[in-house]
Number of protein chains: 2
Amino acid sequence: MSSATMLLLFPSVTEKNMVKAKVTLQNNMQFTGTASSGHTLIMDAEHESGGQNNGFRPMELLLIGFGGCSGMDVISILRKKKQIVSGLEINVKGKKSGTAPKIYKEVHIEYVVKGKDVDKGAVERAIVLSLEKYCSVGATLAKTGAIMHSYRIVE
Amino acid sequence: MSSATMLLLFPSVTEKNMVKAKVTLQNNMQFTGTASSGHTLIMDAEHESGGQNNGFRPMELLLIGFGGCSGMDVISILRKKKQIVSGLEINVKGKKSGTAPKIYKEVHIEYVVKGKDVDKGAVERAIVLSLEKYCSVGATLAKTGAIMHSYRIVE
């Protein structure tokens with residue numbers, strides 16, 4: 001997206017702490033979503049809900065966002081702690097309520113840290129700092145349900 | 001993504017009400033995120049946070065998800081009410097807390113409904129039903145801040 005287009009879509013995007021999104025119906029149950037960073041994705045309902053699975057279910061974006069948010073925290077902290085991390089994978093699993101609104105009642109996040117001689121204590125502290133202090137998506141999800149975490153260090 | 005790959009990434013994805021995501025560090029602050037529907041996106045930090053803006057900021061995904069979630073509700077309800085809607089655009093704006101965790105303290109969602117002779121009452125009821133009953137992303141965001149809405153009907 002050009003900066004001219006972004007300015008058109010998000011005229012006051014530079015306002016402090018402000019985040020914007022524009023979501024547009026394409027057809028049937030399919031929507032595009034563009035955020036103030038300029039990136040675009042597709043959302044769609046599943047077949048049983050009249051969609052064609054041409055894109056993400058909106059609730060999936062919360063779990064991906066949680067993994068990305070906490071992953072950015074954890075990798076930054078581990079790098080500051082001079083840990084040599086060759087890979088980081090985060091698996092997030094959410095159990096939704098059976099009745100509307102189908103919020104997440106439980107979320108489990110697993111961190112798989114790859115590297116040689118990575119310090120267990122450093123990994124633990126990085127995860128706790130992210131979950132208890134920095135990760136805004138996690139802090140949001142913690143308001144509707146229990147957040148559980150685990151980690152593995154693999155060489 | 002092939003169904004074999006999906007099964008490998010998400011072996012128990014068919015479990016009722018369970019949603020999954022796998023988030024993987026690519027380089028620097030860039031992560032890919034794949035959800036149980038099989039779709040993948042890229043997340044990245046902004047330049048000031050050591051990223052390169054090659055993808056979404058994780059917190060943007062919450063606002064896009066909110067627009068998609070409520071948009072799917074509203075378009076379904078309006079179609080059930082036999083309204084002829086030729087377009088639906090949703091603008092979401094979130095103001096984050098100034099301190100960590102930077103959750104959304106205020107979110108404004110604007111619905112722009114396009115169509116000829118679209119009934120104002122039907123639009124209002126569809127929005128209220130979505131925000132008060134069905135939209136799970138909205139119900140999640142409502143736990144951390146105030147949700148405000150507005151709408152416009154344009155021909």
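Helix 2 of chain B passes helix 3 of chain B in a crossing that is right-handed (left-handed would have the near helix turned anticlockwise from the far one by less than a right angle, right-handed clockwise). Helices here are DSSP runs of H or I with at least four residues, and strands are runs of E with at least two, numbered from the N terminus. The model is a predicted one, in which local features need pLDDT of at least 70, side-chain atom pairs count only at pLDDT 80 or more, and totals for chains, interfaces and linings use all residues. Residues are numbered from 1 along each chain as its sequence is written, while chains are lettered from A and ligands numbered from 1 in the order in which they are written.

The two helices of chain B pack at an angle of about 135°, and their axes are 9 Å apart. Axes are lines fitted to C-alpha atoms, for helices over the stretch in contact, with angles running from 0 to 180 degrees between N-to-C directions. Helix 2 and helix 3 of chain B are therefore oblique to each other, since angles under 35 degrees count as roughly parallel, over 145 as roughly antiparallel, 65 to 115 as roughly perpendicular and the rest as oblique. From helix 2 of chain B, B:Ser70, B:Asp73, B:Val74, B:Ile77 and B:Leu78 meet residues of helix 3 of chain B, among them B:Ala122, B:Ala126 and B:Tyr134. Contact requires C-beta atoms, placed from the backbone, within 7 Å.

Helix 2 of chain B covers residues 58–80, and its 23 residues should span 33 Å at 1.5 Å a residue; the end C-alpha atoms are 34 Å apart, which agrees. The expected span is 1.5 Å times one less than the number of residues. Of the 23 residues, 19 are buried; that takes 20 or more other C-beta atoms within 10 Å of a residue's own, with 12 or fewer making it exposed and counts in between partly exposed, the C-beta atoms being placed from the backbone. Just after this helix, B:Lys82 has a positive phi of about 60°.

Chain A can be laid on chain B by a turn of 180° and a shift of 0.0 Å along the axis, with an RMSD of 0.0 Å. That is the relation of a two-fold axis. The superposition is by least squares on the C-alpha atoms of residues with pLDDT of at least 70 in both copies. The same surface serves both copies, as 98% of the contact residues of chain A recur in chain B.

Between the chains, 63 residues of chain A are in contact with 63 residues of chain B. Several elements of chain A each supply at least two residues to this side, including strand 1 (18–27), strand 4 (87–96) and helix 4 (136–141). Helix 2 of chain A gives the most, with 15 residues.

Chain A as a whole has 4 helices and 6 strands, in the order α-β-β-β-α-β-β-α-α-β from the N terminus on. Its C-alpha atoms fill a box of roughly 50 × 40 × 25 Å along the principal axes. Buried residues make up 46% of the 155 residues in chain A. Of the contacts in chain A with a separation of 6 or more, 50% join residues 24 or more positions apart.

Within strand 1 of chain A lies A:Met18, which counts as partly exposed with 15 C-beta neighbours inside 10 Å. A:Met18 and A:Ser36 are 18 residues apart in sequence and 9.1 Å apart in space, C-alpha to C-alpha.

Note on methods
Contact = placed C-beta atoms within 7 Å.
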